[in-house]
Structure formats: C-alpha cells, structure tokens
Amino acid sequence: MSEHNIETDQQFMQRCIDLAQASLDKGDAPFGSLIARGDELIAEGLNDAASKVSEHAEVIALHNAHQKLGTSDLTGCTLYTSCEPCPMCSFMIREYKISRVVFALHSPFMGGYTKWGILQDDELEKFKPFFGDPPEVSAGFMETESKKVMDGTPFWMFGPQND
C-alpha cells in the first residue's frame with residue numbers, strides 16, 4: 001500500500017460529504033464524489049439519479065474528469081466518494097483506470113467492493129486495455145462523518161435498515 005497524505009484525504013472526503021448533503025438538499029440520494037490527482041482536485045459530481053438513473057455521483061465525476069483532461073485513462077487519480085460505489089460505478093472506475101478509491105460508508109447490498117468484488121477482481125485485467133488494474137481501496141474512511149448525512153434518509157435509497 002502506498003503512502004497518502006491524510007490531511008488531503010480528509011479534505012477531499014469532507015468535500016464529498018458536502019456534495020452528498022447538496023444532493024440530498026436538492027431531493028436526490030445523498031452521494032457525492034470527486035476525482036483528484038495528488039492534492040489537485042480534477043472534477044466533482046453529486047448524485048442526479050432522480051432525473052436520470054445512471055447519473056450517480058461517481059459517474060458524473062468520472063465524466064467531468066474525462067472532459068477536463070481529455071482522456072479516459074485516469075491512471076494516477078483517486079476517486080473519493082461518500083458511499084461505496086455500486087456495481088455500475090465500480091465497472092466504470094475500472095474502465096477509467098482509477099488507481100485508488102477512497103469511500104466512507106460501506107454498502108452491503110449494492111457495494112461494488114464488499115458485495116460484488118468488482119474493484120478487486122483480478123480477472124478483469126485479462127480485458128486490457130478496457131479495464132485497468134484493481135485500484136487500491138481505502139474503505140470506511142470518515143464513515144462516522146458521512147453517516148451523519150445519511151441519517152434520516154428514506155430506507156429505499158440504501159436497502160433494508162438494520163437498526
């Protein structure tokens with residue numbers, strides 16, 4: 001595992017949590033994501049799935065990074081997100097060749113890391129150049145802070161609640 005600046009990780013995750021709150025405030029699911037290279041913010045995304053189901057925060061951030069950088073190869077970039085990427089987002093993370101993923105909340109029902117194993121699937125490497133290497137994953141980073149935004153949201157956004 002490579003070394004990372006904890007202050008930078010905290011700053012970017014806090015921004016994801018703020019984006020998640022903004023998404024919730026506009027009536028969508030509380031998810032926020034961003035792409036960074038080192039300490040440089042490349043692109044952001046907040047959920048817009050209420051208007052188009054495929055517009056997850058991670059997907060929007062990936063598309064915005066592609067537009068800004070002019071490439072689909074985001075090797076060397078980190079994707080930060082307030083909640084574990086779903087399978088759709090996880091496949092896109094692999095296709096955009098993101099090197100590192102940092103997420104706050106685990107998603108036991110839809111997690112592309114904990115439930116479906118897409119982020120760590122070595123077999124996808126057989127399909128190069130379409131998929132990148134499995135990214136380094138930091139799971140549960142600032143989970144308590146992110147959960148504050150999730151508290152009180154309707155259960156249908158995340159699956160059954162276990163209180």
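**Exercise 1.** How many bridges join β3 to β4, and do these strands run parallel or antiparallel?

*Solution.* The structure is a predicted model. Strands β3 and β4 are joined by 5 bridges and run parallel. Within this pairing, tyrosine 80 has valine 102 of β4 as its bridge partner. Together with α3, the strands β3 and β4 make a right-handed β-α-β unit.

**Exercise 2.** Determine which strand is joined to β4 by 4 bridges, and state whether the residues of β4 are buried or exposed.

*Solution.* The strand is β5, which runs parallel to β4. Arginine 100 stands opposite glutamate 136 in β5. As for burial, 6 of the 6 residues of β4 are buried, so this strand is largely enclosed by the rest of the structure.

**Exercise 3.** Classify the aromatic pair formed by phenylalanine 12 and tyrosine 80, and identify the elements that it ties together.

*Solution.* Two values are required, because an aromatic pair is described by the distance of the centres and the angle of the planes. For phenylalanine 12 and tyrosine 80 these are 5.2 Å and 50°. Phenylalanine 12 lies in helix α1 and tyrosine 80 in strand β3, so the pair ties together parts that are 68 residues apart in sequence. Both phenylalanine 12 and tyrosine 80 are buried.

Technical notes. Residues numbered from 1 in each chain as written. Predicted model: local features only at pLDDT ≥ 70, side-chain atom pairs only at ≥ 80, totals over all residues. Heavy atoms only, no water. Phe/Tyr/Trp six-rings, centres within 6.5 Å; stacked < 30°, edge-to-face > 60°. Helix = DSSP H or I, 4+ residues; strand = E, 2+ residues; numbered from the N terminus. Buried < 20%, exposed > 50% of the residue type's maximum accessible area, 1.4 Å probe, protein only. Pairing = 2+ DSSP bridges. Right-handed = clockwise from strand over helix to strand, strands pointing away.
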